[in-house]
Amino acid sequence: MSLTYSVAFRGVEACPVEVQCALAPGLPGFSIVGLPDKAVSEAKERVRAALASMAIAFPSKKVTINLSPADLPKEGGHFDLPIALALLAELSIIPHDVILSVVSLGELSLDGKLVPVTGALPAAMTAAEEQHVLLCPAECGKEAAWVSGARIIAAKSLGDVVRHFNGQNTIADSQPGEVIAPDKTLELRDVRGQERAKRALEIAAAGRHHMLMVGPPGSGKSMLSRRLPGILPPLSAQEALETSIVHSIAGLLDEGGISRQRPFRDPHHTSSTAAIIGGGRLAKPGEVSLAHNGVLFMDELPEFPRNVLETLRQPLETGNIMVSRANAHVKYPCKFMLIAAANPCKCGYMTDAERACARVPTCGEDYMGRISGPLLDRFDLRVDVPPVSYEDLDLPANGDTSETVAERVAAAHDRQSARFEAHDGMRSNADIEGEALEEIAAPDAEGRDLLLRAAEKFRMSARGYHRVMRVARTIADLDHATDVRKPHVAEAISYRINS
């Protein structure tokens with residue numbers, strides 16, 4: 001029996017899989033066991049054709065491929081290459097011992113070329129943990145090489161693999177791809193007026209706080225949201241790796257490059273629950289996971305189906321999502337910042353007496369009632385975005401530029417990074433919980449008195465009370481203040497009780 005290794009994906013985790021091959025006398029046949037799906041079962045024909053293209057005769061024996069552990073579902077075409085390697089070793093075309101320390105993945109075309117597959121990055125991490133070499137298609141090499149400590153061999157065809165293991169033409173180790181240059185961002189200064197909304201956007205960016213903007217059509221809600229990437233700090237090395245692993249599973253990494261720009265996802269309001277949360281036949285990551293360490297922008301929030309909105313409640317609190325299906329239970333990270341925009345009513349002009357419909361204010365209550373109270377309670381910042389006057393539109397651009405605001409946000413992030421070095425699982429003020437909340441975000445005596453009176457008057461929930469403390473801590477960081485004082489608490493409360 002010959003033996004090599006591959007991986008099976010369970011969420012962002014790549015689980016090691018033994019690929020065993022045995023030849024036995026009897027009627028010629030080719031069977032694959034070990035809970036393979038349709039794509040894995042079809043590997044028989046691809047491997048057979050690839051060997052024929054290399055003028056290698058298929059053995060006239062019973063060929064059995066076992067994928068162990070047998071109770072772990074095996075999905076995808078990336079098992080083609082390890083199956084071919086195990087069979088070639090059993091035919092003594094390549095040495096048995098050289099593939100014992102190899103983790104391989106790759107799909108075979110009928111002429112023996114290696115087709116790129118998803119998941120090379122988490123596969124490389126598993127190979128590094130097992131102290132094995134990763135063998136993958138050439139197009140996946142740059143992506144996998146980002147994992148430090150992993151040796152990556154990227155081949156263009158099965159023939160290249162055979163020549164490499166036989167010492168005829170050694171393949172050089174792959175090098176990491178380029179760091180992708182950030183996309184050109186929009187300028188915050190181009191937004192006329194809306195100074196309060198701009199300030200709220202800065203606070204949200206500084207502390208990773210969730211934000212809801214409500215205003216009539218054309219008031220600038222989408223404009224403001226799309227300028228958020230321009231003021232966010234770049235991903236740290238750890239965050240970039242975490243985000244890239246999710247994008248690798250989803251097949252979104254471009255030519256092996258890794259971006260330091262935070263993801264910005266803006267799904268349409270007709271998106272399904274599986275598209276937002278994740279799922280489908282293979283339990284793939286959804287928009288909340290693709291926005292990990294970045295921004296999820298939901299425009300026209302009340303237009304999303306009610307069941308989709310309600311599924312956001314748990315990931316907003318925990319920072320991860322468990323996608324449970326009949327044949328899969330997969331956990332994905334989803335620590336994102338939710339930025340939402342909504343019109344005040346169906347027609348959008350509830351606050352304009354001349355343009356509002358005859359159903360005011362009932363239409364507004366019905367429309368905003370599509371957002372449940374528990375979901376609304378999870379927004380740290382709620383901002384009214386009034387229409388901009390024509391006179392303001394004619395004024396030249398004023399206010400701080402995106403670069404200036406980004407510098408303030410980056411400085412606040414640096415203070416938080418230094419603060420949370422001793423706290424596992426915390427990276428921003430939005431993550432503060434438990435005893436650390438009182439230790440880090442507790443206001444002074446005057447600030448606490450104001451917060452208690454406001455909580456009692458406006459009947460805040462315990463969640464709302466704590467979220468005001470977190471926002472006040474972020475405002476203090478932007479103010480370069482060590483302690484959270486009364487003005488910081490007052491500003492945080494003003495965003496919490498905003499209509």
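Guide: Buried area is the accessible area (1.4 Å probe) that two parts lose on being put together, summed over both. This is a predicted model, in which local features need pLDDT of at least 70 and side-chain atom pairs count only at pLDDT 80 or more, while totals for chains, interfaces and linings use all residues. Residues are numbered from 1 along each chain as its sequence is written, and side-chain values use heavy atoms, leaving out hydrogens and water.

Visitor: How much area do domain 1 and domain 2 bury between them?

Guide: The domain assignment (automatic or from a database) gives domain 1 as 2-166 and domain 2 as 188-394. Carbon and sulfur atoms carry 68% of the buried area. The total is about 1,400 Å².

Visitor: How many salt bridges does the rule find across the interface of domain 1 and domain 2?

Guide: The rule asks for a side-chain nitrogen of Lys or Arg within 4 Å of a carboxyl oxygen of Asp or Glu. Across this interface of domain 1 and domain 2, the number found is zero.

Visitor: Which element gives the most to the side of domain 1 that touches domain 2?

Guide: Helices (H or I, at least four residues) and strands (E, at least two) are DSSP runs, numbered from the N terminus. β1 (2-10), α4 (120-129) and α5 (138-144) each supply at least two residues to that side of domain 1. With four residues, the top contributor is α4.
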